[in-house]
Amino acid sequence: YCAAHMPDPRSDDYRDALHAEIEGLIMAAGGRTMALFTSWRAMEAAVDHLIDRLPYHVLAQGQAPKQALMDRFTDDEESVLFATMSFWQGVDIPGRALSCVIIDRLPFPRPDDPLLGARRERVGPAAFREIDVPRAAMLLAQGAGRLIRSREDRGVVAVLDKRLATARSYRWDLIESLPPLRRTKDREDTLAFLRSIRDS
């Protein structure tokens, strides 16, 4: 699911829309959600806004070691886990404990990353296409891969960045890196699907 109705993630009104969208998805899923963020600041802002609004146990990266958080999340089927890039890979939670993976925005690297900056300088004008897009595609696929860990798993990967639906120059590079999941921009269909999993 790509939330194509959302504001651009670089706009001032994105954060409020992001929090509302995350809340709606978590409620439809009955908890059972891992929300992955591209920055600590975005994760902490979401936790601060949602922790008292959600009727589920909210776990957040930094509260405990990674394995302890994963164990708690797996053991409490209705819990919610908020995390950053270190949880985008190496996390294996099959079954009903995880029905929804939320990705806040496309994982493009920070422009001030010194290592990538040096690589960009060497590549020149084609750096975005040759360095940034392939890296974002790999990370997006890793994040989406947290959902489907067995043949029986069902759920939603929700990308809350409209550029996945609108960026003509690179959207297909990102989409084609993802597992072969059914794609939609329809919010109501997505919420209904999550409710059907929750209630099954």
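Helix α2 (residues 40-50) buries Met43, Ala45, Ala46, Val47 and Leu50, where buried means under 20% relative accessible area, exposed means over 50%, and partly exposed lies in between (1.4 Å probe, protein chains only). Helices (H or I, at least four residues) and strands (E, at least two) are DSSP runs, numbered from the N terminus. The cover over the buried residues of α2 includes α1, β2 and β3, with contact taken as heavy atoms within 4.5 Å. The model is a predicted one, in which local features need pLDDT of at least 70 and side-chain atom pairs count only at pLDDT 80 or more, while totals for chains, interfaces and linings use all residues. Residues are numbered from 1 along each chain as its sequence is written, and side-chain values use heavy atoms, with hydrogens and water left out.

The next step is to look at single residues. Thr33 sits in strand β1 and is buried, with a relative accessible area of 0%. Not counting residues up to four places away in sequence, Thr33 touches Ile26, Phe73, Ser79, Val80, Leu81, Leu98, Cys100 and Ile102. The C-alpha atoms of Thr33 and Leu98 are separated by 5.7 Å, although the two are 65 residues apart along the chain. Arg32 belongs to the loop between α1 and β1 and is buried too, at a relative accessible area of 5%. The phi angle of Arg32 is near 50°, a positive value in a residue other than glycine.

The loop between β3 and β4 (100-103) holds Thr84, which is buried, with a relative accessible area of 5%. Leaving aside neighbours within four places in sequence, Thr84 is in contact with Leu36, Phe37, Ser39, Trp40, Met43 and Gln61. Ile93 also lies in the loop between β3 and β4 and is buried, with a relative accessible area of 1%. The C-alpha atoms of Ile93 and Ala127, 34 residues apart along the chain, are separated by 35 Å.

Two packed helices are described by the angle between their axes and the distance between the axes. The axes of α1 (residues 14-29) and α8 come within 7 Å and cross at roughly 35°; axes are lines fitted to C-alpha atoms, for helices over the stretch in contact, and angles run from 0 to 180 degrees between N-to-C directions. From α1, the residues Ala20, Glu21, Gly24, Leu25, Met27, Ala28 and Ala29 meet Arg187, Thr190, Leu191, Leu194, Arg195 and Arg198 of α8. By class, this contact of α1 with α8 has seven nonpolar, two polar and four charged residues, where Ala, Val, Leu, Ile, Met, Phe, Trp, Tyr, Cys and Pro count as nonpolar, Asp, Glu, Lys and Arg as charged, and the others, Gly among them, as polar.
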